[in-house]
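Take a moment to look over the protein chain shown here.

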Amino acid sequence: MISVSMLLKALLLTKTVFSEFRTNYHSRSFNYLLNCCSSLTDLTRIHALVVANGCGQSLLLSTKLITMACRLAHTMDYARKMFDQMPERDVFLWNTLIRGYADVGPCEEALVLYRNMHGAGLFPDNYTFPFVVRSCAVLSALREGKEVHCNIVKHGLDSDVFVQSSLVAMYSQSGETLGMELVFGEMVVKNIVSWTAVIAGYVQNRYFKEGLGVFRKMVGSGTQPNAVTLVSVLPACAGLEFVNLGKLIHGYGIKLGLDSDVSLTNALIALYGKCGNVETARCLFIGMVARNLVSWNAMIAAYEQNDASANAVKLFRRMQAEKVEFDYITMVSVISACASLGALNTGRWIHELVKQKGLDINVSIANALIDMYAKCGNIDLAREVFEMLPCRSLVPWTSMIGALASHGHGEDALKLFSRMKDEGVKPNSFTFAAVFTACRHSGLVEEGKRHFESMMRDYSIMPGVEHCACMVDLLGRAGSLMEAYEFIEKMPVEPDVSVWGALLGSCRIHSNLALAELVAEKLFLLDPQTVTFYVLMSNIYAEAGRWEDAERLRKLMEERELKKIPGQSLVEVNRRFHTFLSGSRSRSSLRGSAN
């Protein structure tokens, strides 16, 4: 094959070609030369040749060179330098450079050029606006995007399908579903890009049913989805746990010949993992010819979400062995798996990997580490992670307060809560749930009452079931059973089994059989299949000497085939996890089966 360098040498010996350059840059030889150009080095040589022969001011030739520079260079510097040297610029040349910045970046420059183009007295056209609007979407510059939308209407281009599609995508990515709906509704011709943008806009903003509705309309209109469309709609099935609908979409993708698409397979792994079908997710992962980081993350998360944490850790080790670089999403899942396993040593190893990559200041990772160390019983390491954070949002504060609360350090948790407020961080409902947990674990009744009132009065947060369950448990453990019962009667939300269950537990502690019978009756109506409440009430009867009633409940459990799930302990030894079941003299080894 003839290289560009050889062609250039030949051209230097053929003066007749230069006259052809001056008169017709579309000539076969010129187009062939530029089309063979595959590097910036070759392009600079061609540019030098053009300038040396007096063709540097040609608008058409310079536009071609700038177009090639945008394609071949990693930055826009070279293209911008040629553009700035041009004494004459038309709309096409402006569009070429704006597109380059929209594709290569920085997108801010695309907006600057758009304004400068107006200042130069040139009017943007239907090729200009899609790239400007896309730049606004990338920058999350919604205000500027709306201004561009006004100019689109002003120039009468609001009915152009490509301009409309770009606007739909911008509003979709900015979370402005109303603007997205308005533009999409005005489209006479809807292409796959606009359909997909609307579906993605709904799904990314957690309007799952609306996203699925648009997908059905799209298929009904005869528009064939592509891989991006299916990737956009599958998270809606996962969010709603519509696994059967997800299977239909999976089959549709196979029918369309899209089953080898990596992004689609990743989305399917995430779907099946979220819906509890981890074996199907594993089969998809194993069958992938090529995997990217998202593939590994989706499979690790699928294991972690489905009580297969040992497999999640094993798969991460395999990922390390295959030299696949991890990111913060990987580590959050693996750290959560360590927390579920109580695997402190593995968790500390993961923490070291996080430090080596400089991810230890990532808020999501810090929260996961705090939770992991707390669940593994090392509150000091959890506190160390918290204190090392350079800046703290509400989430790490809440995680640390919850960690202290779960370890029985109620007073320390409340001190940290006060410190958080002093630093100007406003608590939310999750923070108060952690505060109430601290109060009930440490028996701080008055403090709990005070914070409960403050939550409503000072922060306008209406108590949820979890808050109320904590308060009932706090009052009940302190012996204020009737006060706890009256609290339930006045609750702003309907009490569930967690609320009544907390009171039943307190009735056993304080041997209040009469109230226990009343509470148990409500629990058996709300949840007749939970064996825990039958066992608890049977024990209360036995402790009160009511053996016949205790036996009656035992027989009722047998009739309803209710069995208590045995407790289990999991111990990590030499990076292997061993499970011990209550009442069993043997143990099983969990080595994982991640493939």
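What follows is a quick walk through a few spots in this predicted model.

## A cis bond in a loop

Start at Gly105 and Pro106: the peptide bond that joins them is cis, with omega at about -5°. To find the spot, look for the loop between α7 (91–104) and α8 (107–119), where Pro106 lies.

## Positive phi without glycine

Next up is Arg206. Its phi is near 65°, which is a positive value, and this residue isn't a glycine. Arg206 sits in the loop between α13 (192–204) and α14 (208–220). Is Arg206 buried or exposed? Its relative accessibility is 61%, and the cut-off for exposed is over 50%, so Arg206 counts as exposed.

Now hop along to Asp307, which isn't a glycine either, yet has a positive phi of about 55°. You'll find Asp307 in the loop between α19 (293–305) and α20 (309–321). With a relative accessibility of 77%, Asp307 counts as exposed.

## A helix with a buried face

Which residues of helix α30 (residues 481–489) are buried? They are Leu481, Ala484, Tyr485, Phe487 and Ile488.

Key:
Residues numbered from 1 in each chain as written. Predicted model: local features only at pLDDT ≥ 70, side-chain atom pairs only at ≥ 80, totals over all residues. Heavy atoms only, no water. Helix = DSSP H or I, 4+ residues; strand = E, 2+ residues; numbered from the N terminus. Buried < 20%, exposed > 50% of the residue type's maximum accessible area, 1.4 Å probe, protein only.
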